[in-house]
Amino acid sequence: MASYTLKINGKQRTVEADADMPMLWVLRDLVDLRGTKYGCGIGQCGACTIHLNGNAVRSCQLPVSAIGEAEITTIEGLSEKGDHPLQKAWKEHDVPQCGYCQAGQIMTAAALLNRNSRPSASEIADASHGNICRCGTYNKIKAAIATAAE
Ligand code: FES
């Protein structure tokens, strides 16, 4: 066990954890941010996607000891009141069905818009195709990302 001071959603949080503890479990179990979801645990589904310095990363594959000074953003920190353009577009398009994958979907889309504010349809498809949705809401996800980018 060691002590790690992390920048999470703009706040300093200190946790005691094993060096190889994935950030997914640091977030969910040590700092009580449960919006980030466990899907596969092997980097294949995208449910656990968070931002590391604005880039989408899979938190199940990211050990706490690798974070250092990097800024972590979770779905809880994406906007103050759930009013990020993507969150508004998600509501407008009524995207979620079961909802389980949606935090990861939105964080992946937000990272895309961070680096490309006007993505094409194929860029949206490329960016989001690695996030699995068991309800098959893919068309609505892509439409909502396009709306958020308008
Ligand atoms: Fe991390 Fe599936 S839980 S990619």
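# Report on the Strands, Helices and Domains

## Overview

Two strands are said to pair if DSSP finds at least two bridges between them. The structure discussed here is a predicted model.

The domain assignment divides the chain into domain 1, residues 2-77, and domain 2, residues 85-148.

Five strands make up an open sheet; their order is 2-1-5-3-4, and the pairing is mixed. Strand 2 (11-17) and strand 4 (55-58) are the edge strands, and each has a single partner strand, so one side of each is left without a neighbour in the sheet. From one strand to the next, the twist averages 45 degrees.

As a general principle, the strands of a sheet pair through backbone hydrogen bonds, and the pairing may be parallel or antiparallel. The following sections take the pairs of this sheet in turn.

## Strand 1 and Its Partners

Strand 1 (residues 2-8) is joined to strand 2 by 7 bridges, and the two strands run antiparallel. Within this pair, L6 has R13 of strand 2 as its bridge partner, while I8 is partnered by K11 of strand 2. The two strands form a hairpin with 2 residues between them. In the turn of this hairpin, N9 has a positive phi of about 50 degrees.

Strand 1 also pairs with strand 5, in the parallel sense and over 2 bridges. In this pair, K7 stands opposite E71 of strand 5.

The bridge partner of L52 in strand 5 is I72.

Strand 3 is also joined to strand 4, by 4 bridges, and this pair runs antiparallel. Strand 3 and strand 4 form a hairpin that has 2 residues between the strands, and N53 takes a positive phi near 50 degrees in it.

## Helix 2 and Helix 5

Helix 2 (residues 85-92) packs with helix 5 (residues 138-148) at an angle of about 130 degrees, and their axes are 8 Å apart. The two helices are therefore oblique to each other. The crossing of helix 2 past helix 5 is right-handed.

Which residues of helix 2 and helix 5 meet? P85, L86, A89, W90 and E92 belong to helix 2, and they meet A144, I145, T147 and A148 of helix 5. By class, this contact has 7 nonpolar, 1 polar and 1 charged residues.

## Helix 4 and Helix 5

Helix 5 also meets helix 4 (residues 121-128): the axes of helix 4 and helix 5 come within 10 Å and cross at roughly 125 degrees. Helix 4 and helix 5 are therefore oblique to each other, and helix 4 passes helix 5 in a right-handed crossing.

On the side of helix 4, the contact is made by A121, I124, A125 and S128. On the side of helix 5, I141, K142, I145 and A146 take part. The residues of this contact divide into 6 nonpolar, 1 polar and 1 charged. I145 of helix 5 takes part in this contact and is also among the residues that meet helix 2.

## The Two Domains in Contact

The centres of domain 1 and domain 2, taken over C-alpha atoms, are separated by 21 Å. How many residues of each domain are in contact with the other domain? In domain 1 there are 15 such residues, and in domain 2 there are 12. Strand 3 and strand 4 each supply at least two residues of the side of domain 1 that touches domain 2. Strand 3 gives the most to this side, with 3 residues. By class, the residues of this side of domain 1 are 6 nonpolar, 8 polar and 1 charged.

Helix 3 (residues 102-115) lies across strand 3 and strand 4. Its direction is at about 35 degrees to strand 3.

How values were computed. Residues are numbered from 1 along each chain as its sequence is written. This is a predicted model: local features need pLDDT of at least 70, side-chain atom pairs count only at pLDDT 80 or more; totals for chains, interfaces and linings use all residues. Axes are lines fitted to C-alpha atoms, for helices over the stretch in contact, and angles run from 0 to 180 degrees between N-to-C directions. Angles under 35 degrees count as roughly parallel, over 145 as roughly antiparallel, 65 to 115 as roughly perpendicular and the rest as oblique. A crossing is left-handed if the near helix is turned anticlockwise from the far one by less than a right angle, and right-handed if clockwise. Two residues are in contact if their C-beta atoms, placed from the backbone, lie within 7 Å. Ala, Val, Leu, Ile, Met, Phe, Trp, Tyr, Cys and Pro count as nonpolar, Asp, Glu, Lys and Arg as charged, and the others, Gly among them, as polar. Domain bounds come from an automatic or database domain assignment.
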